[in-house]
Amino acid sequence: MPELPEVETFRRYLLQGETGSPSILGKKIKDADLLWERTLAAPSPADFKDRIRGQFVTGVGRRGKNLLIRLSWDTLIIHLRMSGELVVEEKTNPPGKHYRLILNFTDKYRLAFNNIRKFGRVWLVEDPVQVIGNLGPEPLADDFTPELFHQILQKHSRQLKYFLLDQEMIAGLGNIYTDEALYRAKLHPAKKTNSVNSSETQRLWLSIREVLQEGIENQGSSIDWMYQGGDYQKYLSVYNLEGKPCKYCKTPIKRIKIAQRSTYFCPTCQPLPE
DNA sequence: ACGAGCGCCTGTCGGC
DNA sequence: TGCCGACAGGCGCTCG
């Protein structure tokens, strides 16, 4: 499910809390229940439980789609993959059917990793670089400039859709926001990166930042049963809209497969040259 | 270097 | 009603 805006929404939820659930900042971890072993990428379950006990939550960050929960002397990295979500609640609540990892705090609250499809992964590491070290630039950061983006695009000869989904090229985009950004920039998803000129680069750079920012402002997208709580699905222009008229030219939105993913675009506004 | 295909999982939806 | 295939906000792995 989650792409950068949804992960950012979870980050803010953990940090600020909301009505009925507090911030996790400053809480002390009493112990951990690992309910699906493969959730844990590293270290071993025994080491994990031993090391995490007694640590305090000192911060909650994000890098691409990874959540970084800073602890006293380690960092807990959570990747939600397709169907993960995080819940802060009282320990007395009945646990969800798909809880895979629970961190019990020393007070009456816990942090639960709910993950229907079991794809999500968690790491407990001293240095996050070993997990997130290969990620591309953070698209909303100040150092992600159009010039830098242009350089990366020109270094490769790949279809834009493949390129944008590759977290080592740029971190945080997934299937929804990639299609939305390409549509807004009027670029065909199969166009090659090194054929993108500088004004197209500028457009795509801006489109990426706009769709991500708008996603964050609306607490992400809630397309189906997987994730509820966001509103940005109301504002999507192409994703999941096969056959619907393009809002600019009324041409029916087309769906094709690229990178084994459904890819939505307007054949008129996003032509493939030659 | 690039991209296709598959596996990992559970659940929903539409067609017959 | 039940069954079956297609599909789902991700990503790592192979192979050509």
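Asn114 sits in strand 8 (residues 109–115); strands (E, at least two residues) and helices (H or I, at least four) are DSSP runs, numbered from the N terminus. The model is predicted: local features need pLDDT of at least 70, side-chain atom pairs count only at pLDDT 80 or more, and totals for chains, interfaces and linings use all residues. Residues are numbered from 1 along each chain as its sequence is written, chains are lettered from A and ligands numbered from 1 in the order in which they are written, and side-chain values use heavy atoms, without hydrogens and water.

Asn114 is buried, because its relative accessible area is 11%. Buried means under 20% relative accessible area, exposed over 50%, and partly exposed in between (1.4 Å probe, protein chains only). Beyond its neighbours within four places in sequence, Asn114 is in contact with Ser83, Gly84, Glu85, His98 and Tyr99. Contact means heavy atoms within 4.5 Å. The Asn114 side chain reaches the backbone nitrogen of Tyr99 at 3.4 Å.

Chain A is divided into domain 1 (4–132) and domain 2 (146–265), with bounds from an automatic or database domain assignment. Their centres, taken over C-alpha atoms, are separated by 29 Å. The contact takes 15 residues from domain 1 and 15 residues from domain 2.

The largest nonpolar core has 34 residues. Such a core is a set of buried Ala, Val, Leu, Ile, Met, Phe, Trp, Tyr and Cys residues joined through side-chain atoms within 4.5 Å. Phe149, Leu164, Leu204 and Ile208 touch the most other members. Helix 4 (146–154), helix 5 (160–165), helix 6 (175–184) and helix 7 (198–217) each supply at least two residues of this core. Helix 7 gives the largest share, six residues. Another core, of 30 residues, lies apart from it and includes Leu14, Ile69, Leu80 and Phe113.

DNA strand B has 17 residues around it, each with a heavy atom within 4 Å of the strand. Arg38, His98, Arg117, Ser157 and Tyr162 come nearest. Phosphate oxygens of DNA strand B lie 2.5 Å from a polar side-chain atom of Tyr162, 2.9 Å from a side-chain N or O atom of Lys118, and 3.3 Å from a polar side-chain atom of Lys97.

How values were computed. Polar contact = N/O pair within 3.5 Å; in protein donor to acceptor, adjacent residues only side chain to side chain.
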